[in-house]
Amino acid sequence: MALEAKNIRANVYVGMRYWFPFTEEAIEQIKRDRITKLVVLPLYPQFSISTTGSSIRVLQRIFKEDAYLSRLPVSVILSWYQRQGYINSMADLIEKELGKFAKPEEVMIFFSAHGVPVSYVEEAGDPYKDQMEECIYLIMQELKARGIGNDHTLAYQSRVGPVQWLKPYTDEVLVEIGQKGVKSLLAVPISFVSEHIETLEEIDMEYKDLALESGIKNWGRVPALGCNSLFITDLADAVVEALPSAKALSASTENDEEAEYDPLRYLVKMFFGSILAFLLLLTPKVVLAFRNSLF
């Protein structure tokens, strides 16, 4: 609808990596429709080799094997965490939720992002951590411009398995904050744009209970962006801006994100991306059960 309002006539396809409708199903429909140009818009604000990178690798493999798709002009939006529409949308939601506290100025803003293994960042060159920190900096700058100067912190959630993930961990930080005497906390899911098990169960139930047990008295949570009108309009703008740069996917991906790393790093990324893909194939309940058995 936002694209139509901008006089852009476009077919819209939804493809998911690990559930229906799968990416492969969306691509089959694209082939049937014989479209002439494609913009790939990952719903991950920040780039990671395990999320956007994984999706791009799937697209590149499928497109290379198909005569029609290999010639289709494609533009891939690698990340959009720094777009002003997204920053303003997040600031709007945070400001609104702060207003629900009796003393908004005393509330700590707690950004919780989905974690990734440390090896992704240190060995494979994943920019996720840097982009996440820059994203939060931009949001806090926007809030400061509105006269909101609350303390804030960042932690990483949803770790799985015995390997070391990005720190600090959300559960450990919540305990520390409570022990330091923080009484009011506003949780902000920063790497999620829709509600799902990691917001509705992990944050709203597990982490809320832990926070209250740790001495925090007043708990709030910023909702996911969902269909926030400013956010949606900005995504539509991103699509329009990406259209002129469309070119064959096999050529564009080789010259863009992957070109920043040498062949050895690329192999490492492929390896770790495959591991995460296997983990994410597990159902949410299995993942939670596995995680709870380890920690």
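**Close-up views of a predicted model**

**View 1. The largest nonpolar core and the residues with the most contacts in it.** Among the 48 residues of the largest nonpolar core, the ones that touch the most other members are Tyr86, Ile94, Phe111, Ile139 and Ile190. At least two residues of this core come from each of helix H1 (2-5), helix H5 (84-98), strand S3 (108-114), helix H6 (118-122), helix H7 (128-145), strand S4 (152-157), strand S5 (184-189) and helix H11 (229-242). Because domain 1 (2-80 + 227-255) and domain 2 (88-221) both give residues to this core, it lies between them. The structure shown here and in the other views is a predicted model.

**View 2. The surroundings of Ile190.** Leaving aside residues up to four places away in sequence, Ile190 touches Pro45, Gln46, Tyr86, Met90, Phe111, Ser112, Ala113, Met132, Cys135, Ile136 and Ile139. Of these contacts, Tyr86, Phe111 and Ile139 are, like Ile190 itself, named among the core residues that touch the most other members.

**View 3. The open sheet of four strands.** Four strands with parallel pairing form this open sheet, and their order is S4-S3-S5-S6. S4 and strand S6 (218-221) stand at the edges with a single partner strand each, so one side of each is left without a neighbour in the sheet. On average, and with direction ignored, neighbouring strands of this sheet are turned by 25° against each other. S3 and S4, which run parallel, are joined by six bridges, and Ser112 stands opposite Ala155 in S4. S3 also pairs with S5 in the parallel sense, here over five bridges, and the bridge partner of Ser112 in S5 is Pro189. S5 and S6 run parallel as well and are joined by four bridges, with Leu185 standing opposite Trp219 in S6. Helix H10 (residues 202-213) lies across S4, S5 and S6, and it runs at about 160° to S6.

**View 4. Strand S5 and the two directions of its side chains.** In a regular strand the side chains alternate between the two faces of the sheet. From S5, Ser184, Leu186 and Val188 point one way, while Leu185, Ala187 and Pro189 point the other way, and all are buried. Since six of the six residues of S5 are buried, this strand is largely enclosed by the rest of the structure.

**View 5. Gln131 and its polar contact with the backbone of Phe47.** Gln131 lies in helix H7, and its relative accessibility is 13%, so it counts as buried, a word used here for values under 20%. The side chain of Gln131 reaches the backbone nitrogen of Phe47 at 2.8 Å. Not counting residues up to four places away in sequence, Gln131 touches Gln46, Phe47, Ser79 and Tyr81; Gln46 is also among the residues that Ile190 touches.

**View 6. The open sheet of three strands.** This open sheet has three strands in the order S1-S2-S7, and its pairing is mixed. Strand S1 (38-40) and strand S7 (247-248) stand at the edges, where each has a single partner strand, so one side of each is left without a neighbour in the sheet. Strand S2 (residues 73-76) pairs with S7 in the antiparallel sense over two bridges, and Val74 stands opposite Lys247 in S7.

Terms used. Residues are numbered from 1 along each chain as its sequence is written. This is a predicted model: local features need pLDDT of at least 70, side-chain atom pairs count only at pLDDT 80 or more; totals for chains, interfaces and linings use all residues. Side-chain values use heavy atoms; hydrogens and water are left out. Two strands pair if DSSP finds at least two bridges between them. A nonpolar core is a set of buried Ala, Val, Leu, Ile, Met, Phe, Trp, Tyr and Cys residues joined through side-chain atoms within 4.5 Å. Buried means under 20% relative accessible area, exposed over 50%, partly exposed in between (1.4 Å probe, protein chains only). Domain bounds come from an automatic or database domain assignment. Contact means heavy atoms within 4.5 Å. Axes are lines fitted to C-alpha atoms, for helices over the stretch in contact, and angles run from 0 to 180 degrees between N-to-C directions. A polar contact is a pair of N or O atoms within 3.5 Å; within protein, one must be able to donate a hydrogen and the other to accept it, and residues adjacent in sequence count only if both atoms are side-chain atoms.
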